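Hi everyone, thanks for making time for this. Let me put the structure up on the screen, and then we can walk through it together.

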Amino acid sequence: MTLQPNEPLSNLRDEAAAKLKLHFDHDQPLSAAAPGRVNLIGEHIDYCDGFVLPLAIERYIVVAAALNGRNEVRLRSENQPEAVISLEEKMTLSEPKWANYIRGVIHGFQERGHTIPGFDACFVSNVPTGGGLSSSAALECAVATLLEALLDTTLPTKEKALLAQKAEHDFAGVPCGIMDQFASAFGQKDHLVLIDCQNGEPEMVPFNNPELEIIIANTCVSHDLSDGGYAARRKDTEDGLAAVNKQSWRDVTMAEVEAAKEAMGDRVFRRSRHVVSEIERTAVAAECFKTSDYANIGQLMKASHDSLRDDFEVSCPELDLMVSIAEEIGLEGGVLGSRMTGGGFGGSTVTLCRKDKARDIATIMHEKYQEKTSITPEIFSTRPAQGAHQL
Ligand code: GLA
């Protein structure tokens, strides 16, 4: 099956509840779900005051939980070691590592004055891990939504997303921007989440044309560089901003970047060129989506990919190959545009296409990619999905 189906959320909910019964003998759990995300355009500029245009995808992490009357949290997740978090001590980084995301979210609620009761929880997921689709943001947002249910409280959505982002910074050590957690928290069915990262306010852009579909192709490679590479890119953009002597990238023009080329040095110059051009491209693309004018989207997505590959250097041969296969299929074959998505160094591509051609496109991408790399990719389609919610 080259275009993998998206399992209904109710299946994941039932599976998580069955696991909670099996491992901890709880009936009638509280459950929460949070989706992964894919970004259509606006890459590596959420931490540069730019615009980003992601959507929540029809792939979720679901957690089922129940109070356990103890002073600890007991966690189970497929293919992960069992974890126990003591609520008697301050939350700190510990083993197993996957539980740090949960420790980080618990810490965020404790910082806001909440007393966390002991609970047992089981997680199930169909968000690919390491696929550049923000499974970690989905985990954070699912846990935050679960804690809202357990504590019978509701955080404003923006605060919940920021709490999740802080968990990622402090407990996973990734200095990420706000895109992933905002997309997972704010996502809405049939809408893109346009985020102005300067003021941190999302705007819902309708995406309800029934003739369009979004294909996500996970290259199933993840290059080692990722963590250090992300922080290094972020540092380069800070150096670039300092070189043009501005407070925000939103006030920087390409002419100013060009003028500072010598002071920046070649690498920082190219990083800066990506930032300024990507902010411009994303603003134009957002207008195109708002007015359902899809004619220029392909060009913008292509320019974004090229810039990420050549100037920002976060692509890799497998992503380039997957994008070039989609580009070869072209408009005639139903492809409107394709590019790498997310942090890069592996992970997934996003392809905007005609719905009636999605299956054929996925088949070609699957076959050609596999033929050239001997790697079996994971390809599925999605429509914009609902963000984190209780089930
Ligand atoms: C990762 C980060 C995001 C964003 C993207 C690149 O997904 O978590 O904040 O910076 O990379 O656009």
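This is a predicted model: local features need pLDDT of at least 70, side-chain atom pairs count only at pLDDT 80 or more; totals for chains, interfaces and linings use all residues.

Of the 391 residues in the protein, 57% are buried.

On to the overall fold. The protein has 12 helices and 13 strands. Along the principal axes, the C-alpha atoms fill a box of roughly 60 × 50 × 40 Å. How does the radius of gyration of the protein sit against that of a compact globule with 391 residues? The globule would be near 21 Å and the protein has 21 Å, so the two agree. If you take the contacts between residues at least 6 apart in sequence, 72% of them join residues at least 24 apart.

Now the charges. There are 38 positive and 58 negative ones, and their mean positions are 1 Å apart. The structure holds 37 salt bridges, and I'd like to show you a few.

First up, Glu 159 and Arg 112, whose side chains meet in a salt bridge at 2.5 Å, N to O. Glu 159 lies in helix α4, residues 157-172, while Arg 112 is in the loop between α2 and β6, so this pair ties together parts that are 47 residues apart in sequence. Both partners are partly exposed: Glu 159 has a relative accessibility of 27%, and Arg 112 has 35%.

Next, Lys 246 and Glu 256, with a salt bridge of 2.8 Å between their side chains, N to O. This pair links distant parts of the chain, 10 residues apart, with Lys 246 in the loop between α6 and α7 and Glu 256 in helix α7 itself. Lys 246 is partly exposed at 25% relative accessible area, and Glu 256 is partly exposed too, at 30%. While we are on salt bridges, there is also a network: Asp 236, Asp 266, Arg 267, Arg 270, Arg 271 and Glu 313 are joined into one by salt bridges that share partners.

One more pair, Lys 21 and Asp 27, has side chains that meet in a salt bridge of 3.3 Å, N to O. Here Lys 21 is partly exposed, with a relative accessible area of 36%, whereas Asp 27 counts as exposed because its value is 51% and the cut-off for exposed is over 50%.

So which charged residue is buried yet has no salt bridge? That would be Glu 318, which you'll find in helix α11, residues 317-329. The nearest side chain of opposite charge belongs to Arg 309, and that is 13 Å away. What does Glu 318 touch, leaving out residues up to four places away in sequence? The answer is Thr 219, Val 221, His 223 and Tyr 369.

Two of those names come back at Gly 347, which sits in strand β11, residues 346-354. Gly 347 counts as buried because its relative accessibility is 3%, and buried means under 20%. Setting aside neighbours within four places in sequence, its contacts include Thr 219 and Val 221, along with Gly 130, Gly 131, Gly 132 and Leu 319. Thr 129 is 218 residues away from Gly 347 along the chain, and their C-alpha atoms are separated by 9.2 Å.

Let me finish with some backbone geometry. Most residues other than glycine have a negative phi, and most peptide bonds are trans. With that in mind, have a look at the peptide bond from Glu 95 to Pro 96: it is cis, with omega near -15°. Pro 96 is in the loop between β5 and α2.

Then there is Asp 190, which is not a glycine but has a positive phi of about 60°. Asp 190 lies in the loop between α5 and β7, and it is partly exposed with a relative accessible area of 24%.

Ser 292 is not a glycine either, and its phi is positive at about 50°. You can find Ser 292 in the loop between α9 and α10, partly exposed at 46% relative accessible area.

That's my tour, and I'm happy to go back to any of these spots with you.

How values were computed
Residues are numbered from 1 along each chain as its sequence is written. Side-chain values use heavy atoms; hydrogens and water are left out. Helices (H or I, at least four residues) and strands (E, at least two) are DSSP runs, numbered from the N terminus. The radius of gyration is taken over C-alpha atoms; the globule rule is 2.2 Å times the number of residues to the power 0.38. Buried means under 20% relative accessible area, exposed over 50%, partly exposed in between (1.4 Å probe, protein chains only). Contact means heavy atoms within 4.5 Å. Lys and Arg count as positive and Asp and Glu as negative; His and the chain ends are not counted. The place of a charge is taken as NZ of Lys, CZ of Arg, CG of Asp or CD of Glu. A salt bridge is a side-chain nitrogen of Lys or Arg within 4 Å of a carboxyl oxygen of Asp or Glu.
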